[in-house]
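Hi,

Here is the model I promised to pass on.

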Amino acid sequence: MAGTDTKPDDLAGLEAGLDALDTVQVRRTPVREVLVRKVLPPVLAVALVIVVWQLLVRAQVTDDYKLPSPAAVWDSASQMWLQGTLLEVVWTSVSRGLLGFLLAVAIGTPLGLLVARVRFVRAAIGPILSGLQSLPSVAWVAPAVIWLGLNDRMMYAVILLGAVPSVANGLVSGVDQVPPLFLRAGRTLGATGLRGTRHIVLPAALPGYLAGLKQGWAFSWRSLMAAEIIASSPDLGLGLGQLLENGRNNADMPGIFLAIILILFVGIAIDLLVFSPLERWVLRSRGLLVKN
């Protein structure tokens, strides 16, 4: 009789324990912990690179004109800043890269859905997308210049040809990993056609799609740099790729190193400001991220 009286309490305790296991404990990370865990390591890594760089310069491992000192690169950046051209050069490339990437997303997303959901289209276009993804984007610069001339349309064409296959293939990979049970459950609830794509397929394929977007941005940025290095015209303005090419033409190694650092900085900044928060949001929404 006593055992019968305690059975509901045991079940309640068991349910509470299971609920506790399923619940993700989210807490706000203290600012000091964020600085120590996320800000300090990259700062130390950059400082270490600069120290090693300076040591190599002092050891004179090569001629000065081949390996400039960090101070020389800083002087080059300071000169551009005082002339008011540093931010203009960076923005010229960043604005092109972001707009080209958004166009690639607008084209690659429906194309990826079409390839993933229609067997005939996958058989016809799937191998072509994979081949285009492995083709170096620099190969498109020459035909794009001939087709469109030296203008911004040529730049965007090179970006699209480099980034659209990555976005589309990322979405195809994400759709392929959607459990069939989700699709059957969606059809049972009436989520078919575009409604099923919106409410079932795309949310379930989001991790793979996000990976494709991240790779698509990398291809967009690399394609743009290739186009700016090869195709030069006063009508195109001065971007980071052209800054790098100007440094090569003038044998200006501090300018070359500055352009490389700025290109790297933009790539890292976009990843930290855009894609890292998106990845954390996706993981948190699926209960895979315990801490902020």
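**Salt bridges, pocket and patch**

Glu279 counts as partly exposed, because its relative accessibility is 29%. By that scale, buried means under 20% relative accessible area, exposed means over 50%, and partly exposed is in between (1.4 Å probe, protein chains only).

Before I go on, some housekeeping. This is a predicted model, in which local features need pLDDT of at least 70 and side-chain atom pairs count only at pLDDT 80 or more, while totals for chains, interfaces and linings use all residues. Residues are numbered from 1 along each chain as its sequence is written, and side-chain values use heavy atoms, with hydrogens and water left out.

On the overall fold: the chain has twelve helices and zero strands. Both kinds of element are DSSP runs numbered from the N terminus (helices are H or I, at least four residues; strands are E, at least two). Of the 292 residues in the chain, 35% are buried.

Back to Glu279, which forms a salt bridge with Lys214, with 3.3 Å between the closest N and O atoms. Glu279 sits in helix H12 and Lys214 in helix H10, so this pair ties together parts that are 65 residues apart in sequence. For the record, a salt bridge here is a side-chain nitrogen of Lys or Arg within 4 Å of a carboxyl oxygen of Asp or Glu.

Lys214 also meets Asp271 in a salt bridge (3.3 Å, N to O). That pair again links distant parts of the chain, with Lys214 in helix H10 (residues 206–230) and Asp271 in helix H12, 57 residues apart. Lys214 is partly exposed because its relative accessible area is 30%.

The structure holds six salt bridges. One of them pairs Arg96 with Asp152, the closest N and O atoms being 3.2 Å apart. Since Arg96 lies in helix H4 and Asp152 in helix H7 (residues 152–176), the pair ties together parts that are 56 residues apart in sequence. Arg96 counts as buried, because its relative accessibility is 5%, whereas Asp152, at 35%, counts as partly exposed.

The largest share, 16 residues, comes from H12. By class, the lining has 30 nonpolar, one polar and two charged residues.

Last, the surface. Leu264, Ile268, Leu272, Leu273, Val274 and Leu278 make a nonpolar patch of about 570 Å². Patch residues have over 30% relative accessible area and no salt bridge, with nonpolar side chains joined within 5 Å. Val274 is in helix H12 (residues 253–285), and it counts as partly exposed because its relative accessibility is 36%.

Cheers

Methods: Patch = residues over 30% accessible without salt bridge, like charges linked within 9 Å, V, L, I, M, F, W, Y side chains within 5 Å. Areas by Shrake-Rupley, 256 points an atom, 1.4 Å probe, with all protein chains shown as cover. Nonpolar A, V, L, I, M, F, W, Y, C, P; charged D, E, K, R; others polar.
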